[in-house]
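Have the structure open while you read.

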Amino acid sequence: MKFFKVTILSIIFTGLFTGLLYGQAAGESAGNAGLSAGKYAGKSAAWESRQASSSLSPLKLIEDSMLICGIDRASEDFLYAVERFKELEADFNEVYLEDESLTDEEKAELVLVFIHDNVLTSYSLNQSFIEKTLGSGLYNCVSASLLYVALAKSAGLDVRAQVTQDHCFVTFYSGAKKTDVETTNPYGFNPGVKKNISSSERHKSYVTVPKKYYSGRKEVSEKMLAALPARNLMSRYTDASRDDEAEELAIRRMEYLADSSDDEKADALNDYILCCRNHAVTLDRQKRSDEGLAILERVMDEYGARASLQKDYDDLYYNAMVTFYNSRDFEGGWDFIKKHSGGKYVSVDGFNKANDMMILGWNESFFDKVLNGKDNEFSDLSQKEKYLIAARAAEDGYKSNSSVRELKKYADVFYNNYAICVHNEFAAFANAGDYENARAVLEEGLKNFPGSSNLKKDLRNLEKALKGR
(Lines give C-alpha, C1' and ligand atoms only; values in the text may rest on other atoms or scores of the structure.)
Protein backbone atom coordinates (compact mmCIF):
# COMPACT_ATOMS: atom_id res chain seq x y z
CA MET A 1 0.00 0.00 0.00
CA LYS A 2 1.31 3.42 -0.98
CA PHE A 3 0.94 6.26 1.57
CA PHE A 4 0.85 9.85 0.27
CA LYS A 5 2.06 13.02 1.93
CA VAL A 6 -0.42 15.73 3.00
CA THR A 7 0.21 19.47 2.78
CA ILE A 8 0.24 21.31 6.08
CA LEU A 9 -2.23 24.19 6.57
CA SER A 10 -0.48 27.56 6.60
CA ILE A 11 -0.89 29.88 9.60
CA ILE A 12 -0.42 33.64 9.31
CA PHE A 13 -0.63 35.72 12.48
CA THR A 14 -1.78 39.04 11.06
CA GLY A 15 -5.39 39.06 12.21
CA LEU A 16 -6.01 42.78 12.35
CA PHE A 17 -8.96 43.93 14.40
CA THR A 18 -11.09 46.76 13.08
CA GLY A 19 -11.93 49.64 15.38
CA LEU A 20 -15.51 50.64 16.08
CA LEU A 21 -17.05 53.40 14.00
CA TYR A 22 -19.08 56.17 15.54
CA GLY A 23 -22.37 57.64 14.42
CA GLN A 24 -24.56 60.14 16.22
CA ALA A 25 -28.02 58.91 16.99
CA ALA A 26 -30.84 60.67 15.24
CA GLY A 27 -31.80 63.79 17.12
CA GLU A 28 -28.53 64.02 19.06
CA SER A 29 -26.52 66.05 16.57
CA ALA A 30 -26.40 69.80 16.96
CA GLY A 31 -26.70 70.51 13.26
CA ASN A 32 -26.36 73.87 11.58
CA ALA A 33 -29.30 74.07 9.18
CA GLY A 34 -31.45 76.66 10.88
CA LEU A 35 -32.12 75.09 14.24
CA SER A 36 -30.98 71.75 12.95
CA ALA A 37 -31.19 68.43 14.70
CA GLY A 38 -32.21 69.82 18.07
CA LYS A 39 -34.33 67.44 20.15
CA TYR A 40 -36.58 69.20 22.58
CA ALA A 41 -38.19 66.42 24.59
CA GLY A 42 -39.80 66.18 28.01
CA LYS A 43 -42.58 68.05 29.79
CA SER A 44 -42.78 71.72 28.92
CA ALA A 45 -42.85 74.15 31.82
CA ALA A 46 -45.65 76.70 31.68
CA TRP A 47 -44.71 79.84 29.78
CA GLU A 48 -45.76 82.07 32.63
CA SER A 49 -43.33 80.35 35.00
CA ARG A 50 -40.49 81.13 32.61
CA GLN A 51 -41.29 84.76 32.07
CA ALA A 52 -39.88 85.99 35.38
CA SER A 53 -36.40 84.60 34.76
CA SER A 54 -36.25 84.25 30.98
CA SER A 55 -37.99 87.37 29.60
CA LEU A 56 -35.65 89.82 27.91
CA SER A 57 -35.97 93.36 26.66
CA PRO A 58 -35.90 93.63 22.84
CA LEU A 59 -32.37 95.04 22.79
CA LYS A 60 -31.07 92.55 25.34
CA LEU A 61 -32.41 89.68 23.22
CA ILE A 62 -30.31 90.99 20.32
CA GLU A 63 -27.26 91.62 22.51
CA ASP A 64 -27.38 88.31 24.35
CA SER A 65 -27.54 86.31 21.13
CA MET A 66 -24.24 87.89 20.11
CA LEU A 67 -22.52 87.78 23.51
CA ILE A 68 -23.15 84.04 23.98
CA CYS A 69 -21.46 83.42 20.61
CA GLY A 70 -18.41 85.33 21.78
CA ILE A 71 -18.97 88.63 19.97
CA ASP A 72 -17.20 91.33 21.96
CA ARG A 73 -19.25 94.32 23.08
CA ALA A 74 -16.61 96.65 21.71
CA SER A 75 -16.42 94.98 18.30
CA GLU A 76 -17.65 96.72 15.15
CA ASP A 77 -20.16 93.92 14.48
CA PHE A 78 -21.70 94.25 17.93
CA LEU A 79 -21.88 98.04 17.93
CA TYR A 80 -23.30 98.15 14.40
CA ALA A 81 -25.95 95.53 15.19
CA VAL A 82 -27.09 97.42 18.29
CA GLU A 83 -27.35 100.75 16.47
CA ARG A 84 -29.04 99.16 13.47
CA PHE A 85 -31.67 97.52 15.65
CA LYS A 86 -32.33 100.79 17.46
CA GLU A 87 -32.86 102.48 14.10
CA LEU A 88 -35.29 99.77 12.99
CA GLU A 89 -37.13 99.98 16.28
CA ALA A 90 -37.50 103.76 15.98
CA ASP A 91 -38.56 103.58 12.32
CA PHE A 92 -41.22 100.96 12.94
CA ASN A 93 -42.63 102.73 15.96
CA GLU A 94 -42.77 106.03 14.10
CA VAL A 95 -44.56 104.58 11.08
CA TYR A 96 -46.96 102.11 12.62
CA LEU A 97 -47.38 102.47 16.37
CA GLU A 98 -48.80 105.98 16.12
CA ASP A 99 -51.66 104.60 14.03
CA GLU A 100 -54.26 103.84 16.69
CA SER A 101 -56.56 102.20 14.16
CA LEU A 102 -54.25 99.19 13.82
CA THR A 103 -55.08 96.08 15.81
CA ASP A 104 -52.37 94.04 17.49
CA GLU A 105 -52.84 91.33 14.86
CA GLU A 106 -52.28 93.86 12.08
CA LYS A 107 -49.18 95.18 13.85
CA ALA A 108 -47.85 91.62 14.22
CA GLU A 109 -48.24 91.08 10.49
CA LEU A 110 -46.69 94.44 9.67
CA VAL A 111 -43.60 93.59 11.76
CA LEU A 112 -42.97 90.65 9.44
CA VAL A 113 -43.41 92.75 6.32
CA PHE A 114 -41.24 95.49 7.79
CA ILE A 115 -38.23 93.29 8.50
CA HIS A 116 -38.39 91.80 5.01
CA ASP A 117 -38.73 95.25 3.45
CA ASN A 118 -35.91 96.79 5.46
CA VAL A 119 -33.48 94.03 6.50
CA LEU A 120 -33.98 90.49 5.21
CA THR A 121 -32.86 90.13 1.61
CA SER A 122 -31.72 86.56 0.99
CA TYR A 123 -32.20 83.22 2.76
CA SER A 124 -28.96 81.46 3.74
CA LEU A 125 -29.20 78.05 5.36
CA ASN A 126 -26.45 78.50 7.95
CA GLN A 127 -26.87 82.19 8.71
CA SER A 128 -28.19 82.09 12.30
CA PHE A 129 -26.31 85.13 13.59
CA ILE A 130 -28.13 88.40 14.15
CA GLU A 131 -25.09 90.65 13.64
CA LYS A 132 -24.59 89.12 10.18
CA THR A 133 -28.29 89.47 9.38
CA LEU A 134 -28.41 93.12 10.38
CA GLY A 135 -25.21 93.77 8.45
CA SER A 136 -25.78 91.80 5.26
CA GLY A 137 -29.49 90.93 5.07
CA LEU A 138 -28.73 87.19 4.94
CA TYR A 139 -30.89 85.15 7.29
CA ASN A 140 -32.30 81.76 8.20
CA CYS A 141 -35.18 80.74 10.47
CA VAL A 142 -33.21 81.42 13.67
CA SER A 143 -31.91 84.90 12.85
CA ALA A 144 -35.24 85.92 11.24
CA SER A 145 -37.16 84.76 14.32
CA LEU A 146 -34.78 86.60 16.63
CA LEU A 147 -35.27 89.85 14.75
CA TYR A 148 -39.03 89.40 14.52
CA VAL A 149 -39.47 88.65 18.24
CA ALA A 150 -37.27 91.59 19.27
CA LEU A 151 -39.12 94.09 17.07
CA ALA A 152 -42.57 92.70 17.94
CA LYS A 153 -41.76 92.92 21.65
CA SER A 154 -40.71 96.52 21.10
CA ALA A 155 -44.20 97.10 19.68
CA GLY A 156 -45.72 95.63 22.84
CA LEU A 157 -46.86 92.40 21.19
CA ASP A 158 -47.02 88.98 22.84
CA VAL A 159 -44.87 86.74 20.64
CA ARG A 160 -43.11 83.52 21.55
CA ALA A 161 -40.55 81.40 19.76
CA GLN A 162 -41.31 77.82 18.68
CA VAL A 163 -38.84 75.12 17.71
CA THR A 164 -39.23 71.75 16.02
CA GLN A 165 -36.69 69.09 15.14
CA ASP A 166 -35.11 71.30 12.48
CA HIS A 167 -37.00 74.59 12.34
CA CYS A 168 -37.68 77.76 14.28
CA PHE A 169 -40.66 80.10 13.94
CA VAL A 170 -42.89 82.34 16.10
CA THR A 171 -46.42 82.37 17.49
CA PHE A 172 -48.35 85.61 18.04
CA TYR A 173 -50.78 85.60 20.98
CA SER A 174 -53.86 87.78 21.16
CA GLY A 175 -55.89 86.70 24.14
CA ALA A 176 -56.88 83.07 23.54
CA LYS A 177 -56.08 83.29 19.84
CA LYS A 178 -52.76 82.01 18.52
CA THR A 179 -51.33 82.78 15.08
CA ASP A 180 -48.14 81.24 13.74
CA VAL A 181 -45.57 83.39 11.99
CA GLU A 182 -43.16 81.89 9.44
CA THR A 183 -40.45 84.52 9.74
CA THR A 184 -38.45 83.39 6.71
CA ASN A 185 -41.28 84.45 4.38
CA PRO A 186 -42.66 88.00 4.04
CA TYR A 187 -46.12 86.42 3.69
CA GLY A 188 -45.63 83.96 6.54
CA PHE A 189 -48.14 85.48 8.96
CA ASN A 190 -50.66 82.69 9.58
CA PRO A 191 -48.92 80.28 7.14
CA GLY A 192 -51.10 78.03 5.07
CA VAL A 193 -53.57 80.79 4.24
CA LYS A 194 -53.50 82.44 0.79
CA LYS A 195 -53.32 86.22 0.87
CA ASN A 196 -51.94 89.33 -0.76
CA ILE A 197 -50.04 91.81 1.40
CA SER A 198 -50.73 95.15 -0.16
CA SER A 199 -48.88 97.17 2.46
CA SER A 200 -45.50 96.15 1.03
CA GLU A 201 -44.28 97.62 -2.23
CA ARG A 202 -41.46 95.09 -2.57
CA HIS A 203 -43.49 91.92 -2.34
CA LYS A 204 -46.53 91.31 -4.59
CA SER A 205 -47.50 87.66 -4.85
CA TYR A 206 -49.50 84.88 -3.29
CA VAL A 207 -47.90 82.24 -1.10
CA THR A 208 -48.89 79.12 0.78
CA VAL A 209 -46.61 77.68 3.50
CA PRO A 210 -47.59 74.08 4.39
CA LYS A 211 -48.44 73.68 8.07
CA LYS A 212 -46.74 70.27 8.18
CA TYR A 213 -43.47 72.10 8.83
CA TYR A 214 -44.73 73.11 12.26
CA SER A 215 -45.50 69.67 13.73
CA GLY A 216 -43.68 68.53 16.86
CA ARG A 217 -43.29 72.11 18.04
CA LYS A 218 -42.11 73.23 21.41
CA GLU A 219 -42.41 76.73 22.81
CA VAL A 220 -39.15 78.07 24.23
CA SER A 221 -38.20 81.01 26.38
CA GLU A 222 -36.63 84.19 25.05
CA LYS A 223 -33.33 83.18 26.63
CA MET A 224 -33.43 79.89 24.78
CA LEU A 225 -34.19 81.78 21.58
CA ALA A 226 -31.18 84.03 22.22
CA ALA A 227 -29.07 80.89 22.75
CA LEU A 228 -30.09 79.15 19.52
CA PRO A 229 -27.35 80.75 17.35
CA ALA A 230 -24.77 79.50 19.86
CA ARG A 231 -26.13 75.99 19.46
CA ASN A 232 -25.64 76.12 15.72
CA LEU A 233 -22.18 77.62 16.15
CA MET A 234 -21.29 74.69 18.40
CA SER A 235 -22.20 72.42 15.51
CA ARG A 236 -19.91 74.33 13.13
CA TYR A 237 -17.04 74.05 15.59
CA THR A 238 -17.63 70.32 15.96
CA ASP A 239 -17.78 69.79 12.20
CA ALA A 240 -14.47 71.64 11.87
CA SER A 241 -12.91 69.57 14.72
CA ARG A 242 -12.65 72.72 16.85
CA ASP A 243 -13.88 70.71 19.80
CA ASP A 244 -12.32 72.81 22.57
CA GLU A 245 -14.18 75.86 21.27
CA ALA A 246 -17.41 73.87 20.97
CA GLU A 247 -17.11 72.75 24.61
CA GLU A 248 -16.32 76.27 25.80
CA LEU A 249 -19.35 77.62 23.96
CA ALA A 250 -21.56 74.84 25.32
CA ILE A 251 -20.49 75.71 28.87
CA ARG A 252 -21.21 79.39 28.28
CA ARG A 253 -24.64 78.45 26.94
CA MET A 254 -25.37 76.28 29.99
CA GLU A 255 -24.41 79.12 32.31
CA TYR A 256 -26.62 81.53 30.39
CA LEU A 257 -29.62 79.19 30.67
CA ALA A 258 -29.01 78.36 34.33
CA ASP A 259 -32.16 80.20 35.45
CA SER A 260 -34.36 78.84 32.67
CA SER A 261 -36.79 75.94 33.05
CA ASP A 262 -35.52 72.50 34.03
CA ASP A 263 -36.41 71.36 30.52
CA GLU A 264 -34.21 73.98 28.85
CA LYS A 265 -31.37 73.46 31.30
CA ALA A 266 -31.49 69.76 30.49
CA ASP A 267 -31.34 70.55 26.76
CA ALA A 268 -28.27 72.73 27.28
CA LEU A 269 -26.60 70.03 29.36
CA ASN A 270 -27.36 67.39 26.72
CA ASP A 271 -25.76 69.60 24.07
CA TYR A 272 -22.67 70.06 26.23
CA ILE A 273 -22.37 66.32 26.81
CA LEU A 274 -22.74 65.72 23.08
CA CYS A 275 -19.89 68.18 22.41
CA CYS A 276 -17.71 66.24 24.86
CA ARG A 277 -18.64 62.94 23.28
CA ASN A 278 -17.76 64.26 19.83
CA HIS A 279 -14.45 65.60 21.17
CA ALA A 280 -13.61 62.21 22.64
CA VAL A 281 -14.37 60.51 19.32
CA THR A 282 -12.16 63.00 17.45
CA LEU A 283 -9.27 62.26 19.81
CA ASP A 284 -9.84 58.52 19.43
CA ARG A 285 -9.61 58.81 15.65
CA GLN A 286 -6.31 60.61 16.15
CA LYS A 287 -5.06 57.61 18.17
CA ARG A 288 -5.28 59.66 21.38
CA SER A 289 -7.62 57.35 23.25
CA ASP A 290 -6.18 58.24 26.65
CA GLU A 291 -7.22 61.86 26.20
CA GLY A 292 -10.62 60.89 24.86
CA LEU A 293 -11.30 58.61 27.80
CA ALA A 294 -10.17 61.35 30.20
CA ILE A 295 -12.83 63.68 28.74
CA LEU A 296 -15.54 61.04 29.15
CA GLU A 297 -14.37 60.28 32.69
CA ARG A 298 -14.55 63.97 33.57
CA VAL A 299 -18.09 64.29 32.24
CA MET A 300 -19.26 61.09 33.96
CA ASP A 301 -17.68 62.23 37.23
CA GLU A 302 -19.76 65.38 37.09
CA TYR A 303 -23.02 64.27 35.45
CA GLY A 304 -23.18 60.52 35.90
CA ALA A 305 -22.59 57.54 33.62
CA ARG A 306 -25.38 57.91 31.08
CA ALA A 307 -25.94 55.04 28.66
CA SER A 308 -24.58 57.04 25.68
CA LEU A 309 -21.44 57.98 27.60
CA GLN A 310 -20.97 54.41 28.78
CA LYS A 311 -21.21 53.12 25.22
CA ASP A 312 -18.73 55.74 23.97
CA TYR A 313 -16.37 54.82 26.79
CA ASP A 314 -16.52 51.12 25.92
CA ASP A 315 -16.00 51.92 22.23
CA LEU A 316 -12.92 54.08 22.88
CA TYR A 317 -11.58 51.50 25.30
CA TYR A 318 -12.02 48.77 22.70
CA ASN A 319 -10.47 50.86 19.92
CA ALA A 320 -7.43 51.50 22.09
CA MET A 321 -7.09 47.75 22.51
CA VAL A 322 -7.33 47.33 18.73
CA THR A 323 -4.37 49.69 18.34
CA PHE A 324 -2.31 47.77 20.91
CA TYR A 325 -3.31 44.45 19.37
CA ASN A 326 -2.48 45.43 15.79
CA SER A 327 0.88 46.89 16.83
CA ARG A 328 1.58 43.79 18.98
CA ASP A 329 2.22 46.08 21.95
CA PHE A 330 0.78 43.84 24.62
CA GLU A 331 2.68 45.36 27.51
CA GLY A 332 1.21 48.72 26.55
CA GLY A 333 -2.20 47.08 26.33
CA TRP A 334 -1.98 45.57 29.81
CA ASP A 335 -0.81 48.91 31.22
CA PHE A 336 -3.74 50.66 29.51
CA ILE A 337 -6.20 48.15 30.99
CA LYS A 338 -4.79 48.69 34.48
CA LYS A 339 -4.92 52.46 34.07
CA HIS A 340 -8.51 52.75 32.84
CA SER A 341 -10.35 49.80 34.27
CA GLY A 342 -10.68 49.59 38.00
CA GLY A 343 -14.33 48.86 37.26
CA LYS A 344 -15.36 52.50 37.49
CA TYR A 345 -16.59 53.27 33.98
CA VAL A 346 -15.71 50.50 31.57
CA SER A 347 -18.53 47.94 31.56
CA VAL A 348 -17.92 44.30 32.41
CA ASP A 349 -18.51 43.43 28.77
CA GLY A 350 -16.18 46.21 27.60
CA PHE A 351 -13.43 45.07 29.95
CA ASN A 352 -13.81 41.42 28.97
CA LYS A 353 -13.59 42.22 25.25
CA ALA A 354 -10.41 44.24 25.77
CA ASN A 355 -8.90 41.66 28.09
CA ASP A 356 -9.72 38.81 25.70
CA MET A 357 -8.10 40.69 22.83
CA MET A 358 -4.87 41.08 24.79
CA ILE A 359 -4.91 37.41 25.81
CA LEU A 360 -5.43 36.37 22.21
CA GLY A 361 -2.72 38.69 20.96
CA TRP A 362 -0.20 37.51 23.53
CA ASN A 363 -0.89 33.88 22.62
CA GLU A 364 -0.64 34.62 18.91
CA SER A 365 2.76 36.20 19.49
CA PHE A 366 3.84 33.06 21.32
CA PHE A 367 2.56 30.83 18.51
CA ASP A 368 4.43 32.95 15.98
CA LYS A 369 7.60 32.71 18.07
CA VAL A 370 7.31 28.91 18.25
CA LEU A 371 6.42 28.28 14.61
CA ASN A 372 8.29 31.01 12.77
CA GLY A 373 10.90 32.38 15.14
CA LYS A 374 14.61 32.19 14.43
CA ASP A 375 17.51 31.94 16.84
CA ASN A 376 15.34 31.12 19.84
CA GLU A 377 14.75 28.08 22.06
CA PHE A 378 12.38 26.58 19.47
CA SER A 379 14.59 27.03 16.40
CA ASP A 380 16.11 23.54 16.45
CA LEU A 381 12.83 21.69 16.91
CA SER A 382 11.12 19.82 14.11
CA GLN A 383 7.94 21.25 12.60
CA LYS A 384 6.02 18.42 14.22
CA GLU A 385 7.36 19.33 17.64
CA LYS A 386 6.61 23.02 17.09
CA TYR A 387 2.98 22.31 16.16
CA LEU A 388 2.54 20.14 19.24
CA ILE A 389 3.90 22.87 21.53
CA ALA A 390 1.65 25.49 19.88
CA ALA A 391 -1.37 23.19 20.05
CA ARG A 392 -0.90 22.47 23.75
CA ALA A 393 -0.36 26.17 24.47
CA ALA A 394 -3.55 27.09 22.62
CA GLU A 395 -5.44 24.29 24.38
CA ASP A 396 -4.23 25.39 27.82
CA GLY A 397 -4.98 29.02 26.97
CA TYR A 398 -8.54 28.15 26.00
CA LYS A 399 -9.07 26.15 29.20
CA SER A 400 -8.03 29.18 31.22
CA ASN A 401 -9.88 31.71 29.05
CA SER A 402 -12.88 29.98 27.49
CA SER A 403 -14.31 33.31 26.26
CA VAL A 404 -11.37 33.59 23.82
CA ARG A 405 -12.84 31.16 21.33
CA GLU A 406 -10.17 31.88 18.77
CA LEU A 407 -7.75 29.90 20.95
CA LYS A 408 -9.89 26.80 20.49
CA LYS A 409 -9.73 27.33 16.72
CA TYR A 410 -5.95 27.70 16.89
CA ALA A 411 -5.66 24.52 18.98
CA ASP A 412 -7.69 22.58 16.40
CA VAL A 413 -5.58 23.85 13.50
CA PHE A 414 -2.28 23.19 15.29
CA TYR A 415 -3.30 19.67 16.34
CA ASN A 416 -4.43 18.90 12.80
CA ASN A 417 -1.13 20.19 11.41
CA TYR A 418 0.69 18.12 14.03
CA ALA A 419 -1.26 15.10 12.82
CA ILE A 420 -0.28 15.88 9.22
CA CYS A 421 3.39 16.00 10.23
CA VAL A 422 2.98 12.64 11.98
CA HIS A 423 1.22 11.18 8.95
CA ASN A 424 3.96 12.34 6.57
CA GLU A 425 6.67 10.92 8.84
CA PHE A 426 4.74 7.64 9.14
CA ALA A 427 4.21 7.50 5.37
CA ALA A 428 7.94 7.89 4.72
CA PHE A 429 8.77 4.92 7.01
CA ALA A 430 5.92 2.78 5.71
CA ASN A 431 6.73 3.40 2.06
CA ALA A 432 10.34 2.45 2.79
CA GLY A 433 9.16 -0.81 4.37
CA ASP A 434 10.19 0.22 7.89
CA TYR A 435 6.88 -0.75 9.51
CA GLU A 436 8.25 -0.87 13.04
CA ASN A 437 9.18 2.80 13.02
CA ALA A 438 6.01 3.62 11.08
CA ARG A 439 3.94 2.07 13.89
CA ALA A 440 6.00 3.83 16.57
CA VAL A 441 5.42 7.22 14.91
CA LEU A 442 1.64 6.65 14.77
CA GLU A 443 1.44 5.42 18.37
CA GLU A 444 3.36 8.47 19.59
CA GLY A 445 1.14 10.72 17.51
CA LEU A 446 -2.06 9.20 18.88
CA LYS A 447 -0.68 9.46 22.40
CA ASN A 448 -0.27 13.21 21.89
CA PHE A 449 -3.42 13.64 19.81
CA PRO A 450 -5.75 10.73 20.64
CA GLY A 451 -8.69 12.37 18.90
CA SER A 452 -7.10 12.33 15.44
CA SER A 453 -9.32 10.34 13.09
CA ASN A 454 -6.67 10.54 10.36
CA LEU A 455 -3.96 8.94 12.49
CA LYS A 456 -6.39 6.23 13.59
CA LYS A 457 -7.15 5.58 9.93
CA ASP A 458 -3.41 5.41 9.19
CA LEU A 459 -3.00 2.81 11.94
CA ARG A 460 -5.84 0.69 10.56
CA ASN A 461 -4.35 0.88 7.05
CA LEU A 462 -0.96 -0.12 8.44
CA GLU A 463 -2.51 -3.17 10.11
CA LYS A 464 -4.14 -4.15 6.80
CA ALA A 465 -0.87 -3.75 4.95
CA LEU A 466 0.94 -5.95 7.49
CA LYS A 467 -1.74 -8.66 7.28
CA GLY A 468 -1.51 -8.69 3.49
CA ARG A 469 2.21 -9.34 3.46
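Predicted model: local features only at pLDDT ≥ 70, side-chain atom pairs only at ≥ 80, totals over all residues.

**Helix packing and a ring pair**

Helix α2 (residues 58-68) and helix α3 (residues 76-97) have axes that come within 10 Å and cross at roughly 155°. Residues are numbered from 1 along each chain as its sequence is written, and side-chain values use heavy atoms, with hydrogens and water left out.

**Ground rules for the helices**
- Helices are DSSP runs of H or I with at least four residues, numbered from the N terminus.
- Axes are lines fitted to C-alpha atoms over the stretch in contact, with angles from 0 to 180 degrees between N-to-C directions.

**α2 with α3**
- On the α2 side, P58, L59, I62, E63, M66 and L67 meet D77, F78, A81, V82, F85, K86 and E89 of α3, where contact means heavy atoms within 4.5 Å.
- Sorted by type, the residues of this α2–α3 contact are 9 nonpolar, no polar and 4 charged (Ala, Val, Leu, Ile, Met, Phe, Trp, Tyr, Cys and Pro are nonpolar; Asp, Glu, Lys and Arg charged; the others, Gly among them, polar).

**α2 with α6**
- The α2 and α6 axes come within 8 Å and cross at roughly 160°, so these two are roughly antiparallel as well.
- From α2, P58, L61, I62 and S65 meet L146, V149, A150, K153 and S154 of α6.
- That α2–α6 contact splits into 6 nonpolar, 2 polar and 1 charged.

**α4 with α6**
- Helix α4 (residues 104-118) and helix α6 (residues 141-154) have axes that come within 10 Å and cross at roughly 130°, which means α4 is oblique to α6.
- α4 passes α6 in a right-handed crossing.
- A108, V111, L112, F114 and I115 of α4 meet A144, L147, Y148, L151 and A152 of α6.
- The α4–α6 contact residues come out as 10 nonpolar, no polar and no charged.

**Aromatic rings**
- The model has 17 aromatic pairs, counting Phe, Tyr and Trp (six-membered ring) with centres within 6.5 Å.
- Y313 and Y317 have ring centres 6.5 Å apart and planes at 25°, so they're stacked (under 30 degrees; over 60 is edge-to-face and the rest tilted).
- Both tyrosines, Y313 and Y317, sit in helix α11 (residues 307-326), 4 residues apart, about one turn of the helix.

Terms used: Parallel < 35°, antiparallel > 145°, perpendicular 65-115°, else oblique. Left-handed = near helix turned anticlockwise from the far one by under 90°.
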